Amino acid sequence: MARLLLGVSGGIAAYKALELARLATLAGHGVRVLMTETATRFVGAASFEGIVGAPVLISEFERDPMRGAFPGEEQAGHDPIGHLELAGRCDAYLVAPASANTVAKLAAGAADSMLTTSFLACTAPRLLAPAMNDRMYADAATQANLATLRERGVEVIEPDEGKLASRGEYGRGRLPDPEQLLARVEAALPAGDRPWDGLRVLVTAGGTREPIDPVRFIGNRSSGRMGIALAAAAAKRGAEVTLIAANVDLPAPAGVRRLDVETAAQLAEVAEREFATTHVLLMAAAPADFRPVGVASGKLQRSEGLELLLHPTQDILASLSAKRRPEQTVVGFAAEHGGEAVERARGKLRRKGADLIVLNDVSNPEIGFESERNAVTLIGAETEKEVPIDSKDAVAEAILDEVGRLREKRGQPAS
Ligand code: CTP
C-alpha cells in the first residue's frame, strides 16, 4: 500500500492522530510520524511509535534510525539527509491536526522543524487538517494563511463544527473523524497506486419511498449503511464511485459522488443512466417491490378510509443485467429468512442475471438494517462463501475482494 507521512502539531486534537495512525497502519499503509515539540506536550511520541512501528522524528537535526524507510521497507545502505528523505519518498503527506501556528509557518514557508521542513520539501500530495479554537480558525490571519496554502495546491480539510475542547464552547474547529481523514488521504494518492484505479463503481443504497399522498409513503427499513460501507471501500481502492442514495440519512464517504433519489422509479432512471459507464454495479438498495397506483393530490382524510391498489415496480437489477456489456460486473443483494435462503438466492442469481448475490439472513437479530454489523454469504454461479459476522466495513471489503477475484478470473480490465 502507500507510504504516508503524518505530521502532528500541537493541539488537543493530537490524540485523534493516534487513531488515524492506527487506522492507516491497519489498512496496510506504511506510516511515518513527524511531531512538533508542542505536539509532544499533548501526546507522547512513544504512542505513535508503538502504533506505526517506526521512530517519530521531531527535530531536523535528529538522525532517522530507519534511514528514511517506511515500515515494511528495506533500509538504505547509506545515512540519507534526514529531513529530505521521508518527504521525498512519501506518497502523501498529511498534517493533522494543523495548529494555527503550524498553518502560519507553512503558509510563510518556514522550515524550523522536521514537520515544517519536510512539508516544504514534499512534492507528493500535501493535505492539511486545521483544528483549533473556532475564533482562532475564523481569524483573518488563519483564513488568509489557509487561502495561500490552497492556492499553492495544498488540500485543506475543513474542520467540523461542533463541541470544542474548551468547556461549553461550540463552533467550527474540530478535527474531523480519523476515518474521514484517512479517506481523504487515500483519495489524494496518485493514480496507479491503488488496485481499483480506473474502475467506475456504481453503488445503490437505502430504501425507496413510494408516495400514497403528499405526506404518506410506503417505505422499508433499509438504512443505507451497507451501501455506504461499500462506496467507502471502493473509493479507498481507487475506484471512481457514484452512490445513488434512496432516503439515506448518513453522509456519503469522502470522494464519492452522491445522487439522491426517493422512489423506485427515480432510482431506476438514475441507475439506468449511470450504468452505461459503470464497470461494477453494487445493487445494495432496497427498492420497493410495489407502488400505489395514482398518488392522491391532497392529504387523504382518515374518516374517508383508504384502499390501496399496488402495482409491481420495475426490477431494476434484472433490467440492468439484461443490457450489461461483457466488462461489467453486476452484484445483487438478497435478504432472506433462514431455511432455504441459499437456494432462493441462487434462484435470484439466475433470474436477475447477476454475477454475485450477497445473501443476508434477516432472521438473525444480530445483523441487518440498522446494525453496524453484518454477516453474509457470497453466492456466485459456482461458488459459495461465508463471511462471518463483522463490521459492515469489513464485510464490504470481503465483498469487494470477491468482486476483484471474479473480474480477475474473467480477465476484465480495470478501465
Ligand atoms: N431489486 C431491484 N429492483 C426492485 C427490487 C429489488 O433491483 N424493484 C434488487 C435489490 O436491490 C437487490 C435484489 O434486487 O439487489 C434482490 O432484492 P429482493 O427484494 O430480494 O428481490 P425480489 O426480486 O424482490 O425477490 P422476492 O421474490 O424475494 O421478493
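Student: Which residue of S2 stands opposite Leu-6?
Tutor: Leu-6 stands opposite Val-33 in S2, and this is a predicted model, in which local features need pLDDT of at least 70, side-chain atom pairs count only at pLDDT 80 or more, and totals for chains, interfaces and linings use all residues. Residues are numbered from 1 along each chain as its sequence is written, and side-chain values use heavy atoms, with hydrogens and water left out.

Student: How many bridges join S1 to S2?
Tutor: Strand S1 (residues 3-8) runs parallel to S2 and is joined to S2 by 6 bridges; strands here are DSSP runs of E with at least two residues, helices are runs of H or I with at least four, and two strands pair if DSSP finds at least two bridges between them.

Student: And what is the strand order in that sheet?
Tutor: The order is S2-S1-S3-S4-S5, an open sheet of 5 strands with parallel pairing. Strand S2 (30-35) and strand S5 (155-156) each have a single partner strand, so one side of each is left without a neighbour in the sheet.

Student: Switching to helices, at what angle do H5 and H8 pack?
Tutor: Helix H5 (residues 100-108) and helix H8 (residues 140-151) pack at about 45°, with their axes 9 Å apart; axes are lines fitted to C-alpha atoms, for helices over the stretch in contact, and angles run from 0 to 180 degrees between N-to-C directions. That makes H5 oblique to H8, a term for angles left over once those under 35 degrees (roughly parallel), over 145 (roughly antiparallel) and 65 to 115 (roughly perpendicular) are set aside.

Student: Which residues make the contact?
Tutor: With contact meaning heavy atoms within 4.5 Å, H5 contributes Ala-100, Val-103, Ala-104, Leu-106 and Ala-107, while H8 contributes Thr-142, Asn-145, Leu-146, Thr-148 and Leu-149.

Student: What does S11 pair with?
Tutor: S11 runs parallel to strand S8 (residues 200-206), with 7 bridges, and also parallel to strand S12 (residues 257-261), with 5 bridges. In S11, Ala-246 is the bridge partner of Gly-206, and in S12, Arg-258 is the bridge partner of Leu-243.
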